[in-house]
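Before reading on, please take a moment with the sequence and the structure shown below.

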Amino acid sequence: MPELQLGRNETPNERADRRWTELLQEVRVAQTGAQILFGFLLSVVFMPRFTTLDAFERSLYVTTVVLGALATGALIAPVAYHRLLAGRRLKPQLVDATGRVVALGVVLLALTVGSALLLLLHLATGGSPIAWLIVAAVMGWFALWWLVLPWLLLRRNGNGNGGGNGEGCEDGGGNGGGQD
């Protein structure tokens, strides 16, 4: 069996181009979901039942809309970054900076979903504490799949800096966690 090759044989520019393409593919999924959710949230205020919301529900709605706006803005940010930095030979820095903004956008999107779910369940259950329990379970589920399991994969395959055996990682060497 041939020895595992660690990493890829690519120049820094090729690596930045590959990482940029991968980032854009990831953003397309999250961005679409954020935009659809945000658009729906904007329309809620015009529904007849909105006037019957109590102070807590209105505050929760405002919080949800603000979180949705922030998530949408963060997930669209790569477009603005690219427009401002294109052609300036800063692709690696562009990829690193937008990667961090997209990570923030995903966290904001999760918070938006949790907040929207709490609003919906609070209304559907008449303010029952079960709404909070369900939302806590859903947010725990997000944390498990979006944070804990990737972190465990990084731990199992090295520290994310090439310290692993390269198995199970697309570019070998366990280069997840921002090192890719």
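The sections below go from the overall fold to the core, and then to single helices and residues.

## Overall fold

The model described here is predicted, and the secondary structure of its chain comes to four helices and zero strands. Read along the sequence, these elements give the pattern α-α-α-α.

Of the 180 residues in the chain, 33% are buried. The chain exposes about 11,200 Å², with carbon and sulfur atoms supplying 65% of that area. When contacts between residues at least 6 apart in sequence are considered, 63% of them join residues at least 24 apart.

In soluble globular proteins, nonpolar side chains tend to be buried together. The largest nonpolar core of this model holds 27 residues, and the members that touch the most other members are Tyr61, Leu75 and Leu109. At least two residues of this core are supplied by each of the helices H1 (12-44), H2 (55-85), H3 (91-124) and H4 (130-156), while the largest share, nine residues, comes from H1.

Leu75 shows what such a position can look like in detail: residues up to four places away in sequence not being counted, Leu75 touches Val27, Ala30, Gln31, Ala34, Val102, Gly105, Val106 and Leu109.

Asp54 caps the N-terminal end of H2, with a side-chain oxygen lying 3.1 Å from the backbone nitrogen of Phe56. H2 itself has 31 residues and reaches 44 Å from its first C-alpha to its last, which is close to the 45 Å expected at 1.5 Å a residue. Even so, H2 bends by about 40 degrees at Ile76, and a proline, Pro78, follows within four residues.

Just after H2, Gly87 takes a positive phi of about 80 degrees. Arg89, found in the loop between H2 and H3, also has a positive phi, of about 60 degrees, although Arg89 is not a glycine. Is Arg89 buried or exposed? Its relative accessibility is 83%, so Arg89 counts as exposed.

## Arg19 in helix H1

Another arginine, Arg19, lies in helix H1. Because its relative accessible area is 15%, and the limit for a buried residue is under 20%, Arg19 counts as buried. The side chains of Arg19 and Asp96 are joined by a polar contact of 3.0 Å.

H4 has 27 residues, and the distance from its first C-alpha to its last is 36 Å, close to the 39 Å expected at 1.5 Å a residue. A bend of about 40 degrees occurs in H4 at Leu144. Ala131, Val135 and Phe142 are buried in H4, and what covers the buried residues of this helix includes H3. After H4 comes Gly158, whose phi is positive, near 115 degrees.

Trp132 also has its place in helix H4. With a relative accessible area of 47%, Trp132 is partly exposed, and when its neighbours within four places in sequence are left aside, Trp132 is in contact with Phe56 and Leu118. The C-alpha atoms of Trp132 and Leu119 are separated by 9.8 Å, the two residues being 13 residues apart along the chain.

Note on methods: Residues numbered from 1 in each chain as written. Predicted model: local features only at pLDDT ≥ 70, side-chain atom pairs only at ≥ 80, totals over all residues. Heavy atoms only, no water. Core = buried A, V, L, I, M, F, W, Y, C linked by side-chain atoms within 4.5 Å. Buried < 20%, exposed > 50% of the residue type's maximum accessible area, 1.4 Å probe, protein only. Contact = heavy atoms within 4.5 Å. Expected span 1.5 Å × (residues − 1). Bend = angle between axes of the 7 residues up to and from the residue. Polar contact = N/O pair within 3.5 Å; in protein donor to acceptor, adjacent residues only side chain to side chain. Areas by Shrake-Rupley, 256 points an atom, 1.4 Å probe, with all protein chains shown as cover.
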